[in-house]
Amino acid sequence: MKRLAKLLLMSLLCLLFVVPAFAAPPMQGYIYNPDQVPVPAPMAYTFSRELIGADYGIGNFREPQDMVVDKNMWLYILDSGNNRLVVFDDKLKLKANLDRFRYQGETLTLNNPKGLYIYEYDGKHMIYIADTENQRIIRTDLKGNVDQVYTKPYIDLIDPETPFYPTKLVVDRAERMYIICRNINRGLVKLNADGTFNSFFGAPKTTISPLKVILRLIFTPEQYSRIESTVPTEYSNVTFDSYGFIYASIAQLDRMKFFATFDTKPTDKDARAQTTTVRKLAADGTDILIRAGMFPPVGDLSVYSRTSLETAVAGEARFHDITVNEYGMYAMLDTNRCKVFTYDAEGNLLYIFGNPSQQKGTFMQPTAVTFYGDQILVLESRNPAVIFFRPTDYGDAINKAIIAYRTGEYELSEKMWTKVLKMNSNMTIAYSGVGKSKVRAGDYKGAMHDFRIAQNPEYYSRALELYMKQAIGNKFTYIFLIVVGGFLVYQIYRLVKRFRRFLREGVKKVV
Amino acid sequence: MAQILKELKYSLYLIFHPFDGFWDLKHEKRGSRKAATVLLGILVLLSIFRTQFTGYLYNQEYDGVSLNILSEFTTTVGTFLLWCIANWSLTTLMDGEGSFGDIFMVSAYALTPMILIGFPLAFLSNAMPLEYGAFYSLMNGIAVVWSGFLMLSGLLVVHQYTLSKTILTSILIVVGMAVIIFLGLLFFNLISQLIGFFIGLYRELVLRIL
C-alpha cells in the first residue's frame with residue numbers, strides 16, 4: 001500500500017514537470033510601422049534545412065568564418081577552426097575539402113583564415129583567401145594550386161612594424177584587392193594586382209568636436225590622452241554588388257548618431273549619412289547608398305524595448321556581414337540580436353528574421369550571410385552549420401514584387417504588392433509599391449491615395465506633380481487667358497462706369 | 001443683416017488702410033461687435049477647414065479622420081479670448097482708451113488677412129507638390145505678418161498709444177496670457193485636489209462611521 005502511494009505520488013510529481021509542446025514556428029515576425037513601432041508581420045523566411053560537415057564525412061566545421069556563393073551556385077565555406085576550405089556544388093555535393101595548398105613545390109596551410117572571395121571574370125575562376133594569422137592572402141584554384149601569395153605590402157603611411165592581418169576582402173575585375181585589415185582603421189587597403197599598395201579606400205570620416213579642439217589646446221598631452229580618443233569606425237565586412245559597387249558594413253554604431261537620425265526624413269540625406277551601418281562605395285570612395293526608407297537602415301529601432309516581438313537583447317545592431325543581390329536588395333547580419341535585416345535598393349526595410357536560440361533554424365553566433373538564389377543562408381559558428389532559409393509565400397511575394405518592378409513588369413509588381421497587403425496590412429511599403437506601379441500605369445490619382453496611406457510624401461509629391469500635369473497640362477494656357485481676360489474686362493468695366501459717372505456729374509466728384 | 005454685411009465688407013477696406021480704418025471702426029461706427037463675432041466664427045471655420053482640407057504634403061501629421069471640431073473651436077476661440085482678456089487687463093492699467101468691446105472688435109478685424117489668404121491657400125495646397133513648399137510658407141508668412149501688423153496698429157489706434165508703448169504692451173500681453181494660463185492650471189489643479197479631498201472625506205465618513 002505504501003509503495004503504491006509512493007508510486008502515485010511520484011507519477012503526480014512527474015506531471016508537474018510536463019511542458020506543453022508548442023507546434024508554432026520558433027519565431028514571430030515583425031516589421032516597423034511609420035511611427036517606428038514594431039508591429040506583427042508574417043515570417044518572410046523560414047528554416048528549410050541545415051548543412052553540417054558530419055553529413056559529408058569530413059568532420060564538423062569548427063568556427064567557420066566566411067561563406068561565399070559563386071555564379072554557378074557553388075557554395076564555399078571557410079572552415080576557419082579546421083583551417084580548410086570546403087566547397088559544395090549547386091546540388092550541394094561535396095566538391096573539395098582543401099586544407100593543404102601547393103605553392104612552388106611547398107605545402108601551405110592556413111592559420112585561422114577569416115575572409116574569402118571568388119574572382120569570376122573573363123573565364124577565370126580564382127579563390128582568394130585572407131589567411132589572417134599567417135598575415136597573407138593566397139590565391140588558389142579549386143584543386144589547391146596556389147599561384148600567388150600576397151604578403152604585407154609596403155605602406156608608407158603607416159608604421160612599418162604594424163602587422164598585416166587581412167580579415168575580409170573583395171577583388172575587382174582588374175584584380176585589385178580591397179582588404180579589411182584588423183589593425184588598420186583608415187578604410188579598406190587597396191592593393192594592385194601585383195600586391196603593391198595602391199591607396200586607402202573609403203575611409204570612414206571622423207568628426208572632431210569643437211570642444212575637443214579646445215581641450216587639446218588647454219590640456220597637456222598626458223591629460224589629453226586620458227580623454228576617449230576619436231577613432232574612425234572600422235568596416236566589418238565588404239561585398240560587391242553586380243554593378244561593381246562595394247557595400248561595406250560597420251559593426252560599431254555611434255549611439256548618439258544612431259538616436260539622432262531617428263527623426264530624419266528621407267529627404268535629409270546628409271543627416272542620414274551620419275549614421276552608418278552600411279556604406280555603398282563608389283569608385284572614388286564616396287558613400288552613395290540611398291537611404292530613402294521611412295528610417296535609415298540601422299536594424300532594430302527600439303533598441304531598449306522589451307516587447308514580446310523583439311528579443312530581450314538590448315543595444316544597437318552590430319552588423320558583421322552584408323550580402324547584395326542583383327536587384328539591389330541587401331541583407332545584413334546583426335550579430336548582437338542574431339537577426340537578418342533585408343532592405344531594398346532604396347533602403348526600405350522589407351523583412352526581419354532570425355532569433356538567438358539553440359533550436360534548429362536559429363543561430364547564436366552567426367558569422368556570415370549570403371543570398372543563395374531566393375534563399376538566404378546564414379553561417380553559424382557556435383553550432384557550426386550552414387542554415388538555409390527559404391522564402392514563405394509572404395516573403396516570396398515581396399521579393400517578386402521588387403524584382404518585377406526592377407525588371408519593368410509593373411502590373412506583376414502591383415499584383416504582388418496587393419498579395420503582400422492581403423497577408424500583412426501593416427506592410428506600409430507595399431502601399432508605396434502599389435502606388436509606384438500605378439504611377440507607371442498612369443493612374444496618378446490612385447497612386448496619390450496609396451502614397452498617402454504609405455506616408456510617403458516624396459512619392460506623393462511626384463504623383464501629384466504628374467497628376468497636375470495630366471489634369472491641367474495643355475489647359476494651362478486657357479486658364480491663364482481666362483484669368484487675365486477676366487481681370488481686364490473688370491478693369492474696363494470700372495473705367496466705363498467712372499466715365500459715365502463723369503459724364504453725369506462732372507470732374508469734381510469723380511476724382 | 002445688410003448692416004452686418006456692410007460692416008464685414010469694411011474689413012476689406014481696413015486691411016489696406018489700417019490707421020484710418022481702425023479709427024473709423026471705433027469712432028465712426030463702421031464696424032460692430034456682431035460683425036467681429038461673425039469674423040471669429042469664420043476663423044473657427046478656417047481652422048477646421050485647414051485641418052481637414054489642407055493637402056497631405058502640408059498636413060502630414062493629420063490622418064484625415066480624427067478631426068475634433070470642438071477642440072478646434074476651443075483652441076481658436078480660447079486663444080482669441082485669452083488675447084482679448086489679457087489685452088484688456090493690461091491696457092486698463094496702462095491708460096488704454098479702448099473698452100473690452102473695442103479690443104474684441106479690433107482684434108477680430110485684424111485677423112482678416114488670415115481668412116483671406118488661409119482659405120484659398122488650404123485649397124491650393126492640394127495642388128502643390130513639395131517644390132512649392134517655399135511658396136506655401138511664404139503665403140502663410142505674409143498672412144501672419146500682415147495680421148500681426150494690423151493687430152499692432154489696431155492696438156495703437158484704439159488705445160491711443162505711441163508706437164514704442166504699443167510694442168511694449170503687446171509683449172506684456174503675451175506674458176500676461178502665459179500668466180493667465182499658469183493661474184488657470186494652478187486653480188484647476190487646486191480645485192481638483194480640493195474636490196478629491198472632499199470625496200475622500202465623504203468616503204471615510206460613509207465607510208467608517210455610518
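How far apart do the C-alpha centres of domain 2 of chain A and domain 3 of chain A lie? They sit 47 Å apart. This is a predicted model, with local features needing pLDDT of at least 70, side-chain atom pairs counted only at pLDDT 80 or more, and totals for chains, interfaces and linings using all residues. Residues are numbered from 1 along each chain as its sequence is written, chains are lettered from A in the order in which they are written, and side-chain values use heavy atoms, leaving out hydrogens and water.

**View 1. The domains of chain A.** Chain A splits into domain 1 (39-391), domain 2 (410-471) and domain 3 (474-510), with bounds from an automatic or database domain assignment.

**View 2. Where chain B meets chain A.** Here 12 residues from chain B and 11 residues from chain A make the contact (heavy atoms within 4.5 Å). About 920 Å² is buried between the two chains, 63% of that from carbon and sulfur atoms; this is the accessible area (1.4 Å probe) lost on putting the two parts together, summed over both.

**View 3. The largest cavity.** Its space comes to about 60 Å³, and the search of the whole structure turns up five cavities of 30 Å³ or more. A cavity is a set of points on a 1 Å grid over the protein atoms alone where a 1.4 Å probe fits but cannot get out, and lining residues have an atom within 4 Å of a point. Volume is the space filled by probe spheres set on the points, which are joined across faces, edges and corners. Among the lining residues are Tyr32(A), Phe295(A) and Met427(A).

Terms used
1 Å grid on protein atoms, 1.4 Å probe; cavity = no way out; pocket = protein on both sides within 12 Å on 5 of 7 lines; lining within 4 Å.
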